[in-house]
Amino acid sequence: MFREKISFKLTASFVIIMLISMLAIGLVFIQMFRQYAFDSREETMLVRARSIAEVMAENSENFGQIRGLAGTMRFLDTMAEANVWITDSKGNPSTKSGMGMGMGKGSGNSNGQNSGFGKGMGQGQMYNSEPLPLEAEAVIQEVLKGKESVSEIFSSVYNEATLTVGVPIVDSDHRVIGSVLLHTPVTGVTATLNKAVRILAISLFVALLLAIGLGIFYSLLFTRPLKAMNSTALEITRGNYSARTGIDRKDELGQLGNSLDHLALKLGHTINQLFQEKGKLDDIISSISEGIVAFDTTLKPISVNTALAEIMNRPQPYLIEAVEKDLNSLEIEVQLTRVMEDKKPAQVFKDWLGKKLKLTLSPIIDNHGMVTGSVALVQDISQSERLEQLRRDFVANVSHEFRTPLTVIRGSVEGLVDGMVENSEDIKRYHQRILSETRGLERLVGDLMELSRLQSGKIMIHKNRVHISSLLADLVKSLQTIADQKEIKILYQPESDLPSFLGDYDRLRQLFVIFLDNAIKYSPANTLVWIESRIIENNTLSIIIRDQGYGIAADELPYIWDRFYKVDRSRKGLGTGLGLAIAKHLLELHDGKVSVQSELGKGTEIEIKLPM
């Protein structure tokens with residue numbers, strides 16, 4: 001886990017770079033120092049070897065002074081700081097530093113042919129008769145060719161690296177008569193190099209500790225603002241758009257932190273605006289009376305508004321699972337698929353639980369032209385369809401209501417004009433029929449005009465103190481004559497304690513006449529009609545009219561207030577179908593309410609509530 005942190009990676013990288021750099025610099029430095037030491041030692045030995053070769057060349061003519069030369073060789077041994085070898089022209093060692101010259105039998109020739117350094121060597125004793133090292137053989141061969149030679153090699157004699165320098169001895173005739181070899185181990189150089197290596201190792205260790213410390217410091221210096229930015233980013237993802245990094249730097253990290261703070265500020269402002277717009281959109285969608293369903297690309301519903309439940313006759317909350325099940329029952333998958341493929345809206349009409357639904361399907365297209373889903377606007381057009389049907393029925397009913405009496409009137413008038421009716425009794429009967437139909441037309445036109453005025457709000461009521469008991473008692477006396485024709489009894493016992501209230505006497509009388517006339521008209525013979533009046537809660541006057549008539553089916557009760565609506569079409573001749581529509585508007589003028597309870601074959605109960 002720790003190895004995955006950027007602080008560890010920065011520290012490790014810093015230490016590795018420092019270590020590699022120090023090692024590279026140290027190795028290059030040691031190599032340069034070693035090369036310089038060897039080159040310097042080599043140049044010194046070459047200078048000294050050349051000096052010895054010049055001395056030997058000057059003394060090659062008179063080797064009688066060899067005893068003095070032996071002392072000189074001992075001096076050269078000290079000055080050269082190396083073993084000095086002198087060979088003849090064949091490579092045989094003639095003199096070596098550390099040798100002394102003594103009494104002995106000489107060897108040599110005087111004929112001018114030098115096989116060594118000439119006559120006069122005499123008898124003597126070698127201090128050291130060790131042969132030349134094998135490493136020097138190659139140098140001697142090179143030197144005897146008249147060239148200077150240098151050899152840096154591991155010596156089997158000293159068991160370490162040695163430096164061998166060879167210089168030819170040339171006489172006055174420019175002939176090579178011998179060689180001078182300087183052979184020495186490089187113990188001093190090696191020791192110096194070893195010391196330099198130790199110093200380098202200590203320096204590397206110290207540099208490594210320093211690099212670790214600096215790496216940790218700088219890694220923390222870099223990672224601290226990164227941690228702050230990471231913490232701020234996490235706070236932003238949790239919805240805390242007020243979070244800030246608090247970084248006050250001028251470098252790139254500071255610029256990044258400032259950019260993140262600016263992003264949080266802008267994002268918070270944007271999210272706030274989006275939430276406001278979403279709230280407005282939710283309010284708008286919730287206030288829409290039509291149902292709205294949003295689908296994803298797999299035709300699965302993902303969002304609905306509250307109006308859909310009412311349209312689909314479902315309780316709240318209307319869960320997505322229930323929505324999906326109901327929409328599957330409507331079988332609109334094919335239409336939705338076609339809408340998303342064609343990228344064009346379409347309309348579908350479906351029947352649902354006695355309702356007529358209109359579904360407007362539209363694709364949801366993003367700014368790249370890709371379809372991301374679809375939406376369905378569900379409208380309950382049952383009311384509009386019913387209103388359209390009412391409009392058609394109204395035209396048909398008005399035409400029918402006018403055509404029937406007009407036909408009767410026309411037939412009667414034609415009979416009279418043509419002289420087909422001559423009997424005075426028949427003429428009188430024809431006149432009465434014309435008068436009756438004319439009154440019916442007048443009543444129909446009056447009802448239509450009354451309804452039109454009520455709907456337009458042009459009728460003004462004149463409120464006065466009205467005693468409802470007196471009004472109902474007077475009304476019962478007037479209508480009992482009509483009820484007697486069907487042997488129907490109207491029962492009402494006036495209550496003397498009912499207070500008076502403000503209302504329009506004529507409009508209230510018209511209202512109760514409509515309800516009582518319907519009760520008598522749509523009740524069989526030998527039945528009863530009851531009227532009750534009483535004060536109920538909230539200081540409200542309740543008038544109940546109950547009959548033993550034919551009754552109204554429950555599914556037809558909501559439509560009895562519509563114009564020209566007749567429950568039983570077979571009894572359409574009993575009225576115009578405008579009475580209850582007029583009664584509804586009269587009640588609205590008095591801020592009243594009406595409720596109807598009815599059962600087929602058992603009668604109807606109407607309760608009228610008027611505020612006192």
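This is a predicted model: local features need pLDDT of at least 70, side-chain atom pairs count only at pLDDT 80 or more; totals for chains, interfaces and linings use all residues.
Let's start at Pro 317, which sits in the loop between helix H6 (307-311) and helix H7 (320-330).

Leu 353 lies in the loop between strand S8 (346-352) and strand S9 (355-365). Leu 353 is not a glycine, and yet its phi is positive, about 50 degrees. Is Leu 353 buried or exposed? Its relative accessible area is 53%, and the cut-off for exposed is over 50%, so Leu 353 counts as exposed.

The other one is Glu 487, in the loop between H11 and S12. Here phi is near 55 degrees, again a positive value in a residue other than glycine. Glu 487 has 54% relative accessibility and counts as exposed.

Now let's follow the chain into the sheet. It is an open sheet of 5 strands, in the order S12-S14-S15-S17-S16, and the pairing is mixed. Which strands are at the edges? They are strand S12 (489-491) and strand S16 (593-599), each pairing on one side only. On average, neighbouring strands here are turned by 15 degrees against each other, direction ignored. Helix H11 (residues 468-484) packs on this sheet and touches S12, S14 and S15. The direction of H11 makes about 170 degrees with that of S12.

Let's walk across the sheet, pair by pair. Strand S14 (residues 528-536) and strand S15 (residues 540-547) run antiparallel and are joined by 8 bridges. If you want a landmark there, Ile 531 stands opposite Ile 545 in S15. Next, S15 pairs with strand S17 (residues 603-611), also in the antiparallel sense, over 7 bridges. A landmark for this pair is Ser 542, whose bridge partner in S17 is Lys 609. Finally, S16 and S17 run antiparallel, with 7 bridges between them. Here you can look for Val 594, which has Ile 608 as its bridge partner in S17. S16 and S17 form a hairpin with 3 residues between the strands, and in that hairpin Gly 601 takes a positive phi near 80 degrees.

Something handy to remember when you look at strands: in a regular strand, the side chains alternate between the two faces of the sheet.

Next stop, Asp 504. You'll find it in the loop between strand S13 (501-503) and helix H12 (505-521). Is Asp 504 buried or exposed? Its relative accessible area is 7%, and buried means under 20%, so Asp 504 is buried. Setting aside neighbours within four places in sequence, Asp 504 is in contact with Ile 461, His 462, Lys 463 and His 590.

From its first C-alpha to its last, H12 reaches 24 Å, close to the 24 Å expected at 1.5 Å a residue. Its buried residues include Leu 508, Leu 511, Phe 512 and Phe 515.

Last one: Ala 207, in helix H4 (residues 187-237). Ala 207 is buried, with a relative accessible area of 15%. Apart from neighbours within four places in sequence, Ala 207 is in contact with Met 18 and Met 22. Ala 207 and Val 15 are 192 residues apart in sequence, but 8.9 Å apart in space, C-alpha to C-alpha.

How values were computed. Residues are numbered from 1 along each chain as its sequence is written. Side-chain values use heavy atoms; hydrogens and water are left out. Two strands pair if DSSP finds at least two bridges between them. Helices (H or I, at least four residues) and strands (E, at least two) are DSSP runs, numbered from the N terminus. Axes are lines fitted to C-alpha atoms, for helices over the stretch in contact, and angles run from 0 to 180 degrees between N-to-C directions. Contact means heavy atoms within 4.5 Å. Buried means under 20% relative accessible area, exposed over 50%, partly exposed in between (1.4 Å probe, protein chains only). The expected span of a helix is 1.5 Å times one less than its number of residues.
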